[in-house]
Amino acid sequence: MRRILAHSNLVQALVRGLDILRVLAEAPDGMRLQELADAVALKKTTAHNLITTLRARGFVEKSKENKFFIGPAVMELSSKIQKKDLLKKAASLLLNFQKRFPEITVTLSEMTVNAIICRLRLSPDRFGELQQPISQYFQPYISATSICLQATANNAEKLEKQYPFEEFGLNKWVNWDEFNTAKELVRKTGYYLQYNETQNCHTLAFAVPENYCLGIRVDNAEKTTIDEIISAGKEFQKNILEA
């Protein structure tokens with residue numbers, strides 16, 4: 001581990017804390033306090049104080065075996081950076097999508113452990129204007145977006161515990177098996193399509209890693225148009241994956 005120069009302008013405690021994180025990131029099985037202190041060339045008491053501070057902010061966690069690991073706060077920082085990059089790429093793709101299909105409404109939504117939230121939106125009445133809705137949510141079990149995300153998002157199980165099927169799903173589905181069959185179809189095809197006969201509109205939803213979904217509403221569409229949109233939705237998925 002490199003030493004800090006005596007007259008450096010660097011904050012020594014911060015540098016040593018970052019050194020601890022770097023060492024832990026390379027130790028998937030965790031490290032005990034003395035091992036960690038030796039790895040960063042610190043006294044055990046100094047290492048303990050730094051780790052206590054890092055634990056208080058969630059950057060380090062301790063196991064029952066008294067081993068230290070990278071904490072969830074590090075993952076959260078990484079996730080926020082990835083989310084920002086994904087939304088930036090998705091915004092560009094959505095604008096291109098609308099140019100190709102100016103008559104549709106298109107959204108990018110995210111499933112959190114508490115709700116299904118629309119993050120980006122484009123609509124025909126505000127063509128070319130990328131909207132960021134403040135409070136547009138999708139009710140679980142009902143919309144194409146929610147069904148797609150409940151089938152593919154890695155936090156879907158946590159959300160469904162807050163919205164039990166017996167209370168929120170039976171007004172849409174005959175039983176759990178019917179809903180589960182729909183989810184299996186999404187996992188197989190990568191998208192969900194439903195038709196509202198009363199409103200004469202199709203809604204589609206395409207799974208986007210990890211907890212996102214491309215949603216599309218098409219009014220008065222011909223089958224050829226739906227087929228074209230399905231093809232374009234799959235292309236959107238591919239572009240996001242490559243990005």
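Is Trp176 buried, partly exposed or exposed? Trp176 is partly exposed, with a relative accessible area of 35%. The scale is simple: buried means under 20% relative accessible area, exposed means over 50%, and partly exposed lies in between (1.4 Å probe, protein chains only).

This is a predicted model: local features need pLDDT of at least 70, side-chain atom pairs count only at pLDDT 80 or more, and totals for chains, interfaces and linings use all residues. Residues are numbered from 1 along each chain as its sequence is written, and side-chain values use heavy atoms, with hydrogens and water left out.

Start with the whole chain. The chain has nine helices and seven strands. These are DSSP runs numbered from the N terminus: helices are H or I with at least four residues, strands are E with at least two. Of its 243 residues, 43% count as buried. The C-alpha trace spans about 70 × 40 × 30 Å along its principal axes.

Now return to the rings. A pair of aromatic rings is described by the distance of the centres and the angle of the planes. Rings of Phe, Tyr and Trp (its six-membered ring) pair if their centres lie within 6.5 Å; planes under 30 degrees apart are stacked, over 60 edge-to-face, and the rest tilted. The count comes to nine aromatic pairs. One of them joins Tyr141 and Phe165, edge-to-face, at 5.6 Å centre to centre and 70 degrees between the planes. This pair links distant parts of the chain, 24 residues apart: Tyr141 is in the loop between β4 (116–122) and α5 (144–152), and Phe165 is in helix α7 (residues 165–168). Tyr141 is buried at 1% relative accessibility. Phe165 is buried too, at 7%.

Phe165 also pairs with Trp176, edge-to-face, at 5.4 Å and 85 degrees. Tyr141, Phe165, Trp173, Trp176 and Phe179 form one aromatic cluster. Beside this theme is a charge: the charged end of Lys172 sits over the ring of Trp173, 5.6 Å from its centre. For that, NZ of Lys or CZ of Arg must be within 6 Å of the ring centre and within 35 degrees of the ring normal.

Last, look at Glu110 in strand β3 (residues 105–111). Glu110 is buried, because its relative accessible area is 11%. Leaving aside neighbours within four places in sequence, Glu110 is in contact with residues including Lys83, Leu149 and Tyr212. Contact means heavy atoms within 4.5 Å.
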